[in-house]
Amino acid sequence: MEWASQLCENRGLGSKMTDSKYFTTTKKGEIFELKAELNSDKKEKKKEAVKKVIASMTVGKDVSALFPDVVNCMQTDNLELKKLVYLYLMNYAKSQPDMAIMAVNTFVKDCEDPNPLIRALAVRTMGCIRVDKITEYLCEPLRKCLKDEDPYVRKTAAVCVAKLHDINAQLVEDQGFLDTLKDLISDSNPMVVANAVAALSEIAESHPNSNLLDLNPQTINKLLTALNECTEWGQIFILDCLANYTPRDDRESQSICERVTPRLSHANSAVVLSAVKVLMKFMEMLPKDLDYYGTLLKKLAPPLVTLLSAEPELQYVALRNINLIVQKRPEILKHEMKVFFVKYNDPIYVKLEKLDIMIRLASQANIAQVLAELKEYATEVDVDFVRKAVRAIGRCAIKVEQSAERCVSTLLDLIQTKVNYVVQEAIVVIKDIFRKYPNKYESVIATLCENLDSLDEPEARAAMIWIVGEYAERIDNADELLESFLEGFHDESTQVQLQLLTAIVKLFLKKPTETQELVQQVLSLATQDSDNPDLRDRGYIYWRLLSTDPVAAKEVVLAEKPLISEETDLIEPTLLDELICHIGTLASVYHKPPSAFVEGGRGVQHKRLPARAGSGESAESPDVGQSVSAVSDAPPAVIPSQGDLLGDLLNLDLAPPTSNVPPVPSSMQMGAMDLLGGGLDSLLGGDIGGSPAMGVGLGGAPVGMPAGLGAAPAVGGGLGDLFDLGGGVGMTAGSYIPPKTVWLPAMKAKGLEISGTFARRGGVIHIDLSFTNKAMSVMTDFAIQFNKNSFGLAPAGPLQVLTPLSPNQTVDVSLPLSTTGPVMKMEPLNNLQVAVKNNIDVFYFSCQYPISLLFVEDGKMDRQVFLATWKDIPSENEAQFQIKDCHLNSDAASNKLQGSNIFTVAKRTVDTQDMLYQSVKLTNGIWMLAELRIQTGNPNSTLSVKCRAPEVSQYAYQCYELILRN
C-alpha cells in the first residue's frame with residue numbers, strides 16, 4: 001500500500017531517536033488516551049500521538065474511531081506531521097467517506113501552500129483517496145497543480161489524473177484533464193513529460209479506442225529530447241510509448257533508432273530491453289542493404305550479452321527475450337554462441353533456456369563446437385537436462401544437414417553407454433532423423449533393436465515401434481519384435497497402441513503371407529476389446545481398407561511421408577511479431593500474447609510490427625485487434641492448430657439439406673455429395689450417435705423485437721424529438737464485395753489453389769470461388785462441405801465445376817449459400833471451416849466472412865420502435881469504436897451503407913456534426929442498432945453499436961470500416 005511505502009520516508013524526518021517504541025505499546029484504553037493526546041495543545045505531544053496512531057494502523061489495529069481527531073491535526077505547518085495525517089487519511093477515507101469530506105478544505109488550502117513539497121503531497125494524497133463523494137471537490141486543486149510553476153508538483157499531478165480516471169473516467173474527460181495531460185508532453189521538464197506519458201499510456205490501456213496518445217513526429221521529437229534527461233523509470237515509460245508509434249518512412253525510423261541506441265548501454269536491464277524493443281520494431285522499416293542496418297545489428301549484440309552476467313532470475317528473463325530475438329533475427333547473435341554455453345552452477349531453468357538458444361543459433365560454421373558441448377551435457381547428473389541435451393543433438397542433425405552423420409554417431413556412442421533414459425531419448429530423436437533423411441542412416445537399426453527390452457517410456461516405445469514398422473522389410477524378425485509388444489497391448493499407453501496398430505498394418509502390407517494372423521489379432525484387440533474411440537476408429541478404418549481394397553490400403557498406409565521441417569518448435573510468425581512488440585514484459589517471458597493471460601482481456605491491444613520498407617503493405621494502425629484486414633485481406637490460416645477442423649468435418653452430417661433452403665435454379669440439382677465416399681456411418685457399418693446441432697450461443701436465443709413493442713410508447717421531448725428530424729435516404733450504392741484472396745495455397749493442396757470472396761446478391765449469399773490447377777494432372781469430381789458455424793452457413797446446392805480442370809487452367813464458380821445449416825459458435829465468430837474434395841484428395845481450410853453478408857433486406861426499423869429498443873437494450877451492451885480516415889459526408893456514408901443493408905432510420909445535425917441512427921437485422925433475427933457521428937472536415941467518425949448479443953458489435957464495426965473505407 002502506498003501509505004506503508006511512505007512510512008519509512010516519514011520516520012526519517014527529523015526523528016533523532018528510533019521509532020520502534022511506538023510499536024511496542026499494548027495498553028488497554030489506548031484509544032481513549034490517544035484521543036486526548038491528539039487534542040492536546042502541545043505540538044510535540046500531538047505529533048507523538050499521530051505516530052502512535054500510524055504505528056497501530058501499520059500493525060493492523062483498527063484506529064478508525066480516531067478519524068475526526070486525526071483530521072483536525074491537518075491544520076499544521078509541520079511537514080512530518082502533515083505526511084503522517086495524510087497516510088492515515090489514505091487508509092481510512094474509504095471506510096469513513098462522510099468524515100473524509102472534512103479534509104477537502106485542507107486539501108484545497110494545501111494545494112496553494114508556498115512549499116512545493118506540501119502542494120505535491122496534497123495532490124498525491126488526493127489521487128489515493130478512492131471515494132466518489134469527494135472526487136469532484138478535488139478537480140479544482142488538481143487543475144491548479146497541473147499548471148503549477150514547480151515541476152515536482154506537475155509530475156505528481158500528472159499521475160494523479162490517471163488515478164482519478166480509474167475512479168471516475170467521465171469526470172476526468174468532462175473537466176478537460178486529458179487535454180491538459182497531453183499538453184504536459186510538451187513540458188520543459190523531462191520528468192513531467194515521462195509522468196504525463198505514463199499516465200496517458202495507463203489510461204489508453206483501459207480505453208483502447210480512445211486514441212489518447214496521438215503520436216506524431218513533433219511529439220516523438222519532444223519525447224526523444226526528454227529521454228536523455230529523465231530517470232530510468234521515466235525512460236522506460238517513454239521507450240514503451242515510442243514502441244507504439246509507426247514511423248512514416250525509413251528515414252524517420254533510422255532517425256529514431258539513432259537517438260534510442262545510447263539507451264542500450266544503460267545500467268538498468270529494463271531500460272535496455274525497452275530500447276531493444278523499439279529498435280527491433282523500427283528495424284522492420286529499414287532496407288536491409290542500408291549500411292546503418294548492419295551497424296545496428298552489431299550494436300544490439302553487446303547489451304544482450306551483458307544481460308547474461310546478471311543474477312539467474314534476470315538471466316532467465318533476458319534469455320526468454322533473446323529466444324524471441326534469435327527467432328526473428330538470428331544474425332544479431334550468430335557470433336555469440338559461447339555466451340550461451342551452460343555453466344555448472346546455472347539453475348536448471350537457465351540451462352534449459354540456454355540449450356534452446358544454442359540450437360537456434362547452430363549453423364554449419366559452429367556445429368562442431370555445439371556438438372562437443374552437447375555430448376558433454378549428456379553425461380551430466382541432472383536427468384531433465386541430459387534428456388534435453390540428447391534431444392538437442394537430434395535437432396542439430398535435422399537443422400544442419402552437413403552435421404547429420406556426426407550427430408548420428410554421437411547418438412550411437414550415447415546408446416552404448418546403456419544409461420536407460422539416454423538410450424530412450426536417443427531412439428526418439430533417431431526416429432526424427434530417419435524422417436528427415438530417408439534411406440541414409442538405416443544401418444543403425446540393428447543397434448537400436450538390441451535395446452528393445454530396456455524401453456519403458458511410451459514415447460520411446462512408440463518411436464521404436466514406428467522404426468520397426470517403417471523398415472519392416474529390412475528387419476528379418478520384425479514380426480517377432482512387434483508380437484512381443486502385442487502381448488501386453490492393453491497395458492500400453494494410447495500413443496503406443498496407435499503406433500503398434502499402424503506398424504502391424506504396414507508389416508502386413510509388406511509381408512502379407514507371414515503376418516495375416518498378427519494383423520487379425522491387432523485389429524480385433526483395437527476394435528473389439530478397446531474402450532478408446534481413437535484406437536477403435538483407426539482399427540475400423542484399417543479393417544475396412546484392407547477388406548475392401550488392399551491396393552488403396554497400400555497407397556494410404558505406405559504413402560510417401562513428407563520430410564519433417566527443420567525447426568518444429570518455432571513460434572508462429574504472426575505471434576512472434578506480436579511478442580517482439582512486447583519485449584521486456586511478462587508476455588515475452590510466457591511467450592504468450594497478453595490476451596492469453598490478462599484476465600477478461602479488456603483493454604488488451606494486439607500489436608504488430610510495421611510493414612517492411614518497400615513491401616507495399618500499409619504501415620497504418622499498429623493495432624491488429626481493430627484491423628479490418630482480418631476479415632478480407634489477411635490470408636486465412638490453413639487448418640487451425642487446435643485440431644478441431646478435421647474432427648468436426650469428419651462428423652458432419654453429409655446428407656443433403658432438406659428444409660428451409662432457398663429455391664435453386666433447376667440447372668443446380670440438389671444432393672450434396674459425401675466427401676468421404678460413404679462417410680463414417682457406412683465405414684463402421686452402423687449409425688454413429690451424435691448430439692443434434694446446438695443452438696448458437698449468442699447471449700441467449702436469437703432476438704427479434706423486444707417484448708411489448710407492438711404499440712410503441714409515445715415519447716415527448718429529448719431523444720424522441722430527434723426522430724422527427726433528418727429524413728429520407730437518396731439512391732443507394734451497391735454492396736461492397738472484398739477482393740478475392742488465396743484461401744488454400746497450391747503447395748498445401750497437391751497443386752489445387754483456391755481463392756475466393758463472399759458477396760450478397762439479390763438477397764442471396766454467395767461464395768465466389770476460383771479454382772486453379774497448378775498440378776500436372778487433370779482435376780475432376782469437385783464437391784464442397786462446410787463445418788458447423790456461428791450463423792448456419794451451408795451450400796444451398798452442389799458445387800458446379802462442369803468441365804475437368806486441366807493443368808494451369810482456372811475456373812470461377814459462384815455457389816449460393818443458405819443460413820439453415822447446423823449451428824455452433826466459432827472463435828472468431830465469423831470463422832468458416834471448409835472441406836473441398838476432388839478426384840485427388842479432400843482438402844481443408846478456414847476463412848473469415850464479413851458479417852455484412854448476413855444483413856437482410858428488411859432491416860429498416862420504425863423510428864419509434866428504434867427509440868424504444870435503444871432504451872430497452874442495457875447500456876453495458878453498448879460498444880464504441882473510432883472509424884479513421886473516412887472522408888465521406890453523412891449522405892454519402894448513408895447511401896453506401898444502405899447498399900449493404902445498413903438502414904438509416906433518422907438523421908440529426910448538431911452544429912457541424914451529423915448523427916445517423918441506423919438499424920441492421922441479421923439472418924438469425926438479431927437486431928443491431930447504431931449511431932454514427934460524422935463531423936464535417938474530420939476524417940475520423942465515431943460509431944456506437946447496441947445489440948442484445950454484444951459479441952457481434954466488434955464484427956459490425958469491422959463491416960462499417962470495410963464498407964466506408966472502400
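Is His591 buried or exposed? His591 comes out as buried, with a relative accessible area of 15% (buried means under 20% relative accessible area, exposed over 50%, and partly exposed in between, using a 1.4 Å probe and protein chains only). The structure is a predicted model, in which local features need pLDDT of at least 70, side-chain atom pairs count only at pLDDT 80 or more, and totals for chains, interfaces and linings use all residues. Residues are numbered from 1 along each chain as its sequence is written, and side-chain values use heavy atoms, with hydrogens and water left out.

His591 is not a glycine, yet has a positive phi of about 60 degrees. This residue sits in the loop between α34 (586–590) and α35 (644–650); helices (H or I, at least four residues) and strands (E, at least two) are DSSP runs, numbered from the N terminus. Asp781, also not a glycine, shows a positive phi of about 55 degrees, and belongs to the loop between β3 (764–773) and β4 (783–786). A cis peptide bond, with omega near 0 degrees, leads from Glu827 to Pro828. Pro828 falls in the loop between β6 (810–818) and β7 (831–837).

Setting aside neighbours within four places in sequence, Lys354 is in contact (heavy atoms within 4.5 Å) with Gln315, Leu319, Val339, Phe340, Phe341, Val342, Lys343 and Asp346. As for another lysine, the charged end of Lys351 sits over the ring of Phe385, 5.2 Å from its centre; this label calls for NZ of Lys or CZ of Arg within 6 Å of the ring centre and within 35 degrees of the ring normal.

On to the rings: the structure holds 12 aromatic pairs. Rings of Phe, Tyr and Trp (its six-membered ring) pair if their centres lie within 6.5 Å, with planes under 30 degrees apart counted as stacked, over 60 as edge-to-face and the rest as tilted. Tyr590 and Phe597 make an edge-to-face pair, 4.9 Å centre to centre with 85 degrees between the planes. Tyr590 is partly exposed at 45% relative accessibility, and Phe597 is partly exposed at 27%. Phe881 and Tyr957 are stacked, because their ring centres are 4.6 Å apart and their planes at 5 degrees. Phe881 lies in strand β9 (residues 878–883) and Tyr957 in helix α40 (residues 953–964), so this pair ties together parts 76 residues apart in sequence. Both Phe881 and Tyr957 are buried. Elsewhere, ring pairs join Trp743, Phe758, Phe845 and Tyr849 into a cluster.
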